[in-house]
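This report describes selected features of a structure with more than one part.

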Amino acid sequence: MYSLTQDEYEKHRGALFRHFLPDEPGTSRDGNRRGEKTAAQELTETKRKSIQSYFNRFFRERKGETNDHFDLNRVKYDDLGIPQDAGGLNRIRFKGENLGIIPTQLNHVPPWLYRHFEYAYHVALQFNQHQKFQKLQKLRKLQKELPIAERATEIVELLKTNQVLIVAGDTGCGKSTQVPQYLLKAGYTGVACTQPRRIACTALARRVAFETLNQYGSEVAFQIRFETTKSQRTKLLFLTEGLLLRQMEKDSLLEKYNVIILDEVHERHLTSDLLIGLLRDLCTKREDLKLILMSATINLDLFKGYFEGAPVVQVPGRLFPIDVRWHPIKQFIDQSEKKTHKIDPEPYLRILELIDKQFPSTQRGDALIFLNGVAEISMVAEHLKNYAEQTNGWIILMLHSTLSVEEQDKVFDQAPQGVRKCILSTNVAETSVTIDGIRFVIDSGKVNLIKHEPGTGTQKLTEFWVSKASANQRKGRAGRTGPGICYRLYSQEQFEKMEDFTQSEINRVSLQEMSLKMISLNLGLDPRTFPFIEKPSEDVLNEGLETLKFQRVLRSDRDILTLTALGNMVSKLPVDVPIAKMLVYGCVVDELEVMLTVSAGLSVQSPFTNRSYRELEIVEKRASLTSPMGDPFTLIAVFREWVLQKAFEGTARRWTMENGIDEHRLYEISKLRSQYRQILEDAGLVEKASAAETGEDDSRQRRIDQGEKRKLFDLKRSQRNNDRRQKVLNANKHFDKILEDKEEEDLEAEKDPLKADVKTVEFLLSHKQRDVETIRKTHKISRRTAEVVRVIISAGLYPNFSILDPVNKYGYGQEMFAHTRLKPFTQIHPNSSIAQYHPESIDPRQSSDGFSRLHQIPFYGLLLETTKPYICNVMPVPAIYSLLVAQKIVIEDWKELIVDDFLELKFKSTEDCRSVILDVKEIRYELTKGLASKLVGEDGFSSRRLTKYIDLLNQSIVEKGIKLAIKRNVHPPKVLTGIGIHSPDGGIDKEEDVDDLVQRFEKNQPDDRDDVEAEEQKVMEELRADIMCPPTRDMVEEEEKMEKKKKEVPKESYYEKNQS
Amino acid sequence: MSDEQPSTSSSKDSITEKSSEKPGDEQMIDPFIDFECHICKMKEKCLFGELKVADGSYDSPVYFMRDPFKPPSRDRIKKPFLDEFLILGAPCSVCSQPVCMSDGCSLFFGANFCAPCVSRERRRFPSQLIRGIITKSEAKQHNTV
């Protein structure tokens, strides 16, 4: 019998702990700045606790007595190796090297106590191993229990003998996570799995990597627009549908993959519909390719019919029982009254109260509220926050796509004990984002959908009742982790009236970009005859094609869909048409730096956060950044300032916060800029920066770069690894405060350059001194440059321009109407720089007869109808600029011009009109010529002349003060006929077509320049011959030159004389 | 750069004969084998061999992998610790069949024994010790029959 007293243990425990579990060198027990402990520290801590509790138990339960000698040397074994005594050490698998040997510095410890402690230490080690093992066991068990698991072998077998396989299964069946794993296990190595959403790509890659125990490797990776974890080892890649489509442009056979999984095809996105069609076709070209379609069971027949003969594996979903409770609210019953009805947050509050009443806070379970839009979410969230602050029982969070990534991630954090989180979400939480632990779903039954309005060029964001399919999907979110309750804020009758499925995108959106994409794949596809899974409306399709013709990317003079030379280039750039056009023109006029920023800015959300528009202080503070020339110029200023702050001040984080700017979006812009530049380099539009320019030939710089790159790599990895821990939310911080800690920390970190975060390092690495200097210079825009930039932005945005309303007063707080070609009475979005800061800049201050020299026409990026039709990303330009980009100009007499059968310009005098027309023709010709030479890769073009003429035209507006009156044709025709410049005498100047020029350039390059010059000469002569035509500048200059020459004649003759 | 390379590849004495894996090697020898517990059928790709690490060792060869739930050690010079691994199981010392670590499948008492062997030789073990594993394995047999 051995015994141990508490005192004896206490006396030696310090030394024993120090011996067995020393602190990691260089770390303190308190952890780092955030109070977090490293994983190693935590582990040591657990082991300490485990040993301590062993001894506590030993004293409590065994009174400090035992028969165990804890000495392996005394153990005897039988022939099977079974020990002949019941000593604890016999159960220890893993043994320390010096087991039982007391180190000299612990000689003062009684040997038995030492051995006893050593035993406890080994128990702790074994316990730790056991826990890890159980974690793995549990993971495997959960996988096995998924409904799809039973079909694993069947799926793999079917795929051996079939090229196409359809897997249909509802929520919770595990198809998205498991099917790719089955393929990996079956030995497939090039597996691509598409997802409709970026967030799903990252989340799935993370989950599948975890389940395949490859969490810290790259066998399972994702690829989204800016980011990828792909490496050479990658065997399974989750990517967005759009990205796969883009890969098809380069590699139409998609040869790097041998299995392609299209997931969530039942959602019927435009790209997935297109991919389904394309991949069905690809299967006939590549017999080795396997295609798996994964869908919910809802409209399975559609896919079965499209892939005839493909086997279907149908799996039931797995959900816990969900109790549906109908709580119809009045608001929805009489909604006919007014369009501007605001959401009533009361019913939502009442449900929370109900939950509090019925379920004790000791029972876990969070709530998820589905609302239709951001405005509704903010309103209800404010209201619920008050309640939450009173009861301390809830944490209110939001989830929608305009939040920053950091804010979005907060919904995955855990609420502390006794507190529930309540997430207010748009339909993103319906399918794409899965949040664990939801027990209560509160469904408004509404969704906001963007719908293209045929005939008006409007994207309309409208509130709809959801379909039965998505109502049930929403309900299902309550039953993922346990039985749940779904509160539906509408009646059962309403539910019965709902559509079965949500309308597919192909029937809802404008089809112009998709058509362009299809034509540009060069597979001879015609969207009008393509065998879509569901045929789109012919009208919408034709309208899309018409728009493409308007934008001059599709030839309007041919029946077979043919891209213009510009169209060819535009389709090579994986961006929307207007952006692509701006980039191309940006190259033509040598304003690439600025245009990169402008076009990147158009592709991401405004850098100003939604919240900031409501904070007066911020709104005032950032006024100096905004430009009266419109949103693109505001963006240029913001971006420049940010880059300078980033590079020189190191206080960018603070600056962005003070100005209500979401820094993520600026990072996105800077990434997009370099991506666009890359695209333009690949397309041969700009030259690659030489080694000397990038500083790569400088060995010192190279060394610095390498060091930085390594630092970046390390940072990224440790951040990725840190991200895997789930964090606990702070009970008093709701949606509006959740980022406070992070912000403070960021500000703190910003002071210390050594603590730079990943994004900053990345930024500094990609923006050398030289690049920052370039941005600093180019983004400070002179008046002359500004005019050129305005012209090319207009060229890009065309035909999106509008006419202001003659009776509207454009001042602060006014509604600002603008009429677009197809949609009258739209408004300038109140958040645009013009509306918020510079309304006076567009007021023409016209005299009673309508004449003014200040008439402007706003170009815009997007026409979006929410509560009202708004034009967004607004850039007003002088009305005359419309002549530079329009397709059809009719010169009535030399006083009145009709632009695109829509805008009428009236001049005071024929001289004004003629001089303007002359400059306009010159600019148009130069633009065309510049574009053509860019497209064929000719470098002979100089934009000097173009710039000069734009400047002259602008001078005639500003200095000469040409006055004009403008009028709107209220019923412009939908399709434009008779493109060209129509003279009063009935002649049509069809101008030089870019394509003709391109062809000529390509055919006989050596002579063309003479040709062009000859042509120019001809034009000039023609002009000179016209008596009505006032002398142009060129003519004046030429005459001046002639005069000079005349004056010089005597000299020359004198010289000649001397010679002779 | 090689995240998934088992950290043991730098420790000479553990699985040296199998750790010749190097990224970029023309012929990569796959050191991984399929482990399947002959009782619960748990299946994992893993390494097999004697595991000797900085803080101790297992007496006999085990099935193990680098701890998949923990970021790989950044320090490649230091000899790894047991914590950096996850042990899946070991061959039964009597019948030599692979058996996993779970309480229902194996028992360590001086050596590793799988449930059927414990059950067969039940008289040789302290009865208190094997009560758990025997009920578990009998329950399992009951279920499968």
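## A sheet in chain A

In β14(A), Met398(A) has Leu424(A) as its bridge partner. The model is a predicted one, in which local features need pLDDT of at least 70 and side-chain atom pairs count only at pLDDT 80 or more, while totals for chains, interfaces and linings use all residues. Residues are numbered from 1 along each chain as its sequence is written, and chains are lettered from A and ligands numbered from 1 in the order in which they are written. Helices (H or I, at least four residues) and strands (E, at least two) are DSSP runs, numbered from the N terminus. Two strands pair if DSSP finds at least two bridges between them.

β13(A) and strand β14 (residues 420-425) of chain A run parallel and are joined by six bridges. Both belong to an open sheet of six strands in chain A, with the order β11-β18-β15-β12-β14-β13 and parallel pairing. β11 (322-326) and β13 (394-399) of chain A stand at the edges with a single partner strand each, so one side of each is left without a neighbour in the sheet. On average, neighbouring strands of this sheet are turned by 20 degrees against each other, direction ignored. Angles run from 0 to 180 degrees between N-to-C directions, and axes are lines fitted to C-alpha atoms, for helices over the stretch in contact.

Helix α14 (residues 468-476) of chain A packs on the sheet, where it touches β11, β12 (366-370), β15 (438-443) and β18 (484-488) of chain A. The direction of α14 makes about 150 degrees with that of β15(A).

## Two packed helices

Two packed helices are described by the angle between their axes and the distance between the axes. Helix α20 (residues 592-603) and helix α24 (residues 663-682), both of chain A, pack at an angle of about 120 degrees, with axes 9 Å apart. That angle makes α20(A) oblique to α24(A); angles under 35 degrees count as roughly parallel, over 145 as roughly antiparallel, 65 to 115 as roughly perpendicular and the rest as oblique.

In this contact, α20(A) contributes Leu596(A), Thr597(A), Ser599(A), Ala600(A), Gly601(A) and Ser603(A), and α24(A) contributes Ile669(A), Leu672(A), Arg673(A), Tyr676(A) and Arg677(A). Two residues are in contact if their C-beta atoms, placed from the backbone, lie within 7 Å. The residues of this contact divide into five nonpolar, four polar and two charged. Here Ala, Val, Leu, Ile, Met, Phe, Trp, Tyr, Cys and Pro count as nonpolar, Asp, Glu, Lys and Arg as charged, and the others, Gly among them, as polar.

## Where chains A and B meet

In the interface, 34 residues of chain A are in contact with 30 residues of chain B. On the side of chain A, α2 (39-62), β3 (94-95) and α3 (111-145) each supply at least two residues, and the largest share, ten residues, comes from α3(A). The residues of this side divide into 13 nonpolar, twelve polar and nine charged.

A sheet also links the chains: three strands form an open sheet in the order β3(A)-β4(B)-β3(B), with antiparallel pairing. β3 of chain A and β3 (52-53) of chain B stand at the edges, each with a single partner strand, so one side of each has no neighbour in the sheet. Two bridges connect β3(A) with strand β4 (residues 56-58) of chain B, and Phe94(A) stands opposite Tyr58(B). Within chain B, two bridges join β3(B) to β4(B), where Lys52(B) has Ser57(B) as its bridge partner.
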